[in-house]
2 protein chains.
Amino acid sequence: MTAITINPIGILHCDLQTRKETPKNYDESEHAGTIEVFPEFREGLEGIRVGDTIVVLFWLDRADRTVLRVHPRGDTSRPKRGVFSTRSPVRPNPVAVSELLVEDIDDTLLKVRGLDILDSTPVIDIKKKI
Amino acid sequence: MTAITINPIGILHCDLQTRKETPKNYDESEHAGTIEVFPEFREGLEGIRVGDTIVVLFWLDRADRTVLRVHPRGDTSRPKRGVFSTRSPVRPNPVAVSELLVEDIDDTLLKVRGLDILDSTPVIDIKKKI
């Protein structure tokens, strides 16, 4: 099967600089930041409203892609398990799925809350929440 | 920003051959099928159990990547809106996110239910549901 190529549609700006300070999951986070969607994708944002919860897919560009077993939540007192049974950023294709509240929209800048993602992480997709 | 390369971790086998017969979303589907995880990723499955709901990311290899506005649910009586405010398979990076029930596990074969995805679609990630 051939490799897949993805070009980011945007980038995240926030104050989270290290994994240690970053919440493990979006449902445990009150951190806010801004998704900058690149101008060529502006039309794709039509219909997103302040107050919506959106599903955002990030490419975790600093994650280890070579490891298949991890301690859940990085807790070394817990036995290792397969990465596909966890939400660890460590996995062969480190795509994160976060549900974020849209607090403000300024053209292609979306202010969002609920971040569990490091600053400068590429954004690869945005979807409606089911 | 440089392009991202993804190698699939598996492939879906199911009886859905056309978009017309495929449910729009996993929460509207009772279709079953089998995810074949490639053997080199076997260890990553450790900890997934029958009865779990898993989050599966698919690469929609037949989706149009050039369109930024669509009719919601393909319904031409509804006005077009930006793809990022929909769940359309049409989008610049067509990664689908489905929540599927694990009905059986046989080594690297996961029988799953709730499919809204065409047969032979590449699988790029599997995660725990929050």
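## Strands 7 and 8 of chain A

Strand 7 of chain A pairs with strand 8 (residues 109-113) of chain A through five bridges, and the two run antiparallel. Within this pairing, A:Val102 faces A:Val112 of strand 8. The two strands make a hairpin, with two residues between them. In the turn, A:Asp107 has a positive phi of about 55°.

## Strands 4 and 7 of chain A

Strand 7 of chain A also pairs with strand 4 of chain A. Seven bridges hold this antiparallel pairing. Here A:Thr53 stands opposite A:Leu101 of strand 7.

## Confidence

This is a predicted model. Chain A has a mean pLDDT of 96. In that chain, 99% of the residues reach 70 or more. The ipTM is 0.95 and the pTM is 0.96. Where pLDDT is low, predicted coordinates should not be read in detail.

## Extent of the interface

Chain A brings 51 residues to the contact, and chain B brings 51 residues. Interface size is often stated as the accessible area lost when the parts come together. Between chain A and chain B, the buried area is about 4600 Å². Carbon and sulfur atoms give 63% of that area.

## Polar links and contributing strands

Four salt bridges cross the interface of chain A and chain B. One of them joins A:Arg69 to B:Glu46, with the closest N and O atoms 2.9 Å apart.

Several strands of chain A each supply at least two residues of the side that touches chain B: strand 1 (4-6), strand 2 (10-14), strand 4 (53-59), strand 6 (81-82), strand 7 (95-106) and strand 9 (122-128). Strand 9 of chain A gives the most, with six residues. On the side of chain A that touches chain B, 26 residues are nonpolar, 11 are polar and 14 are charged.

## Strand pairing between the chains

Strand pairing also links chain A to chain B. Strand 1 of chain A and strand 1 (residues 4-6) of chain B run antiparallel, joined by three bridges. Which residue of chain B is the bridge partner of A:Thr5? The partner is B:Thr5, in strand 1 of chain B.

Definitions and conventions: Residues numbered from 1 in each chain as written. Chains lettered and ligands numbered in written order. Predicted model: local features only at pLDDT ≥ 70, side-chain atom pairs only at ≥ 80, totals over all residues. Heavy atoms only, no water. pLDDT = per-residue confidence, 0-100. Contact = heavy atoms within 4.5 Å. Buried area = accessible area lost by both parts, 1.4 Å probe. Salt bridge = Lys/Arg side-chain N within 4 Å of Asp/Glu carboxyl O. Helix = DSSP H or I, 4+ residues; strand = E, 2+ residues; numbered from the N terminus. Nonpolar A, V, L, I, M, F, W, Y, C, P; charged D, E, K, R; others polar. Pairing = 2+ DSSP bridges.
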